[in-house]
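These are my notebook entries on one structure.

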Amino acid sequence: MNQLAEIIWQRLTGLMPGELKKTELPWLATPFQQLSLLTSRRATMIVNRVRLFAFLFAVLTPMWILVDFLVFKPPLWWQLALMRAGASAAFTCLVLFYRPRGNLLDAYRAMALLFAIPTLFYIASYSVLGSHELTGLSAAVSSGYAFLPFVLLAGLSIFPLTLIENLILASPILIAQLVAAALRWPHLDLPAFLGTFWLLVLITGVSALAGMSQLAFMIALVRQATRDPLTGMFSRNSGEEMLELQLILANRSGAPLAVAFIDLDHFKSINDQYGHEAGDKVLIIMTRHIQACLRRGDMLTRWGGEEFLLIMPNTDLEQGIQALERLREHGLGLRPDGAPVTASIGVAERMGDATEDWRALVELADHRMYYAKQNGRNQVCASLPAGHDPLAHD
């Protein structure tokens with residue numbers, strides 16, 4: 001059974017670009033539990049592509065008014081022209097007034113608006129056209145309106161979406177096709193409708209695969225851009241981005257946010273006595289030990305050299321101290337001479353230390369780390385005497 005699962009896994013990952021890890025495969029199906037950095041960047045990309053799509057529709061939608069004018073009689077032409085003008089105005093507003101905020105719910109709203117406009121236009125135009133007896137060229141042109149759902153479903157393929165997101169966004173378009181068929185039920189050609197609907201479902205499946213492939217490639221790129229190549233932990237740039245995002249979320253919700261500055265004790269002596277390769281091995285093993293103790297939501301960043309920053313959302317100062325003490329008790333691995341690896345740790349928390357800026361929070365944790373190092377090393381420091389704390393509050 002395990003061999004069969006491994007074969008299936010290899011076949012699945014071979015179909016997706018970027019060589020996904022097993023822990024990342026569920027991200028293709030659902031947006032839940034994705035990394036905050038991936039979520040933020042994906043949301044920004046989605047909104048930007050929504051605006052691009054809306055711009056295209058805003059330009060092309062009113063251009064067809066001339067064709068309607070040449071083909072349809074005035075009552076029908078005026079109705080279609082007004083609907084096209086309204087749809088074009090709605091698309092223009094989406095382009096001009098919607099800006100990416102890095103929030104996935106905001107991206108969902110943008111996509112819902114983008115697809116709601118042409119879907120409503122499709123139902124309205126289909127209803128109006130169905131109330132007129134059309135023949136010859138006018139009937140041929142009116143049949144072109146039936147292709148709008150195909151365009152919308154194919155358009156889903158330009159977005160990096162999960163399987164669930166694709167299905168949710170495609171469902172209203174498929175339902176609209178059913179509604180449009182119900183409006184013309186007395187004159188409906190059932191076999192033709194079933195063939196058309198099957199083709200729409202097929203396009204939905206292809207668009208879903210295209211969106212998931214984009215998402216897989218994006219996951220791999222974000223991982224490569226945000227990870228430290230040696231330890232596999234987050235890089236400093238990505239750590240700064242995550243910390244800023246977490247602080248914004250904590251400020252909005254009033255939740256605590258703790259950060260810990262971790263510096264290995266006497267690390268330079270390892271490089272001097274045993275070489276940098278031995279030092280790298282110590283760092284790799286140390287991060288594995290820390291990972292084993294991390295709680296869900298905690299994020300470890302390599303800040304530089306042997307310095308690491310641990311971001312602990314929804315954690316107050318006391319909870320942070322307890323978590324870090326458990327980390328010390330668990331151990332950080334061994335030095336090349338067999339002695340235990342130890343670290344000096346400074347911890348700060350935004351509410352307890354009344355600090356609303358992430359840079360100030362990191363600087364405070366950094367100063368406390370140095371105080372722990374100066375006062376015996378291998379300890380956690382969560383406060384300083386007023387005279388030693390440059391960020392102390394009255």
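**Entry 1: the sheet.** Which residue in E3 stands opposite Thr301? I began there, bearing in mind that the model is predicted. I found that Leu309 in E3 is the residue opposite Thr301. The two strands concerned, E2 and E3 (residues 307-313), pair in the antiparallel sense over five bridges.

I then traced the whole sheet. It is open, has five strands in the order E2-E3-E1-E4-E5, and its pairing is mixed. I noted E2 (299-304) and E5 (380-381) as the edge strands, each of which pairs on one side only. Helix H14 (residues 358-374) packs on this sheet and touches E1 (257-264), E2, E3, E4 (343-349) and E5. The direction of H14 makes about 145° with that of E4.

**Entry 2: strand E4.** I looked up both neighbours of this strand. E1 and E4 run antiparallel and are joined by seven bridges; Val259 has Ala348 in E4 as its bridge partner. With E5, E4 pairs in the parallel sense over two bridges, and the partner of Gly346 there is Cys381.

Is E4 mostly covered or mostly open? I found it mostly covered, with seven of its seven residues buried. In a regular strand the side chains alternate between the two faces of the sheet, so I checked each face separately. On one side Ala343, Ile345, Val347 and Glu349 are buried, and on the other Ser344, Gly346 and Ala348 are buried as well.

**Entry 3: helices H7 and H8.** Two packed helices are described by the angle between their axes and the distance between the axes. For H7 (residues 148-155) and H8 (residues 163-183) I read an angle of about 170° and axes 10 Å apart. H7 is therefore roughly antiparallel to H8, since angles over 145 degrees count as such. Pro149, Leu152 and Leu153 of H7 meet Ala170, Ile173, Leu174 and Gln177 of H8. I classed the residues of this contact as six nonpolar, one polar and no charged.

I next asked which residues of H7 are buried. They are Leu148, Pro149, Phe150, Leu152, Leu153 and Gly155, that is, six of the eight residues of the helix. What covers them includes H2, H5, H8 and H9 (190-226).

**Entry 4: the cores.** The largest nonpolar core has 47 residues. I recorded Val50, Phe91, Met111, Leu114, Phe115, Leu156 and Phe159 as those with the most contacts inside it. Helices H2 (36-63), H4 (74-97), H5 (104-130), H7 and H8 each give two or more residues to this core. H5 gives the most, with twelve residues. Another core lies apart, of 24 residues, including Ile262, Met312, Leu324 and Leu332.

**Entry 5: two positive phi values.** Most residues other than glycine have a negative phi, and most peptide bonds are trans. I therefore listed the two residues below.

- His266, not a glycine, has a positive phi of about 55°. His266 lies in the loop between E1 and helix H11 (267-274), and counts as partly exposed because its relative accessibility is 47%.
- Asn378 has a positive phi near 50°. Asn378 is placed in the loop between H14 and E5, and is partly exposed, with a relative accessible area of 34%.

Methods
Residues are numbered from 1 along each chain as its sequence is written. This is a predicted model: local features need pLDDT of at least 70, side-chain atom pairs count only at pLDDT 80 or more; totals for chains, interfaces and linings use all residues. Side-chain values use heavy atoms; hydrogens and water are left out. Axes are lines fitted to C-alpha atoms, for helices over the stretch in contact, and angles run from 0 to 180 degrees between N-to-C directions. Helices (H or I, at least four residues) and strands (E, at least two) are DSSP runs, numbered from the N terminus. Angles under 35 degrees count as roughly parallel, over 145 as roughly antiparallel, 65 to 115 as roughly perpendicular and the rest as oblique. Contact means heavy atoms within 4.5 Å. Ala, Val, Leu, Ile, Met, Phe, Trp, Tyr, Cys and Pro count as nonpolar, Asp, Glu, Lys and Arg as charged, and the others, Gly among them, as polar. A nonpolar core is a set of buried Ala, Val, Leu, Ile, Met, Phe, Trp, Tyr and Cys residues joined through side-chain atoms within 4.5 Å. Buried means under 20% relative accessible area, exposed over 50%, partly exposed in between (1.4 Å probe, protein chains only). Two strands pair if DSSP finds at least two bridges between them.
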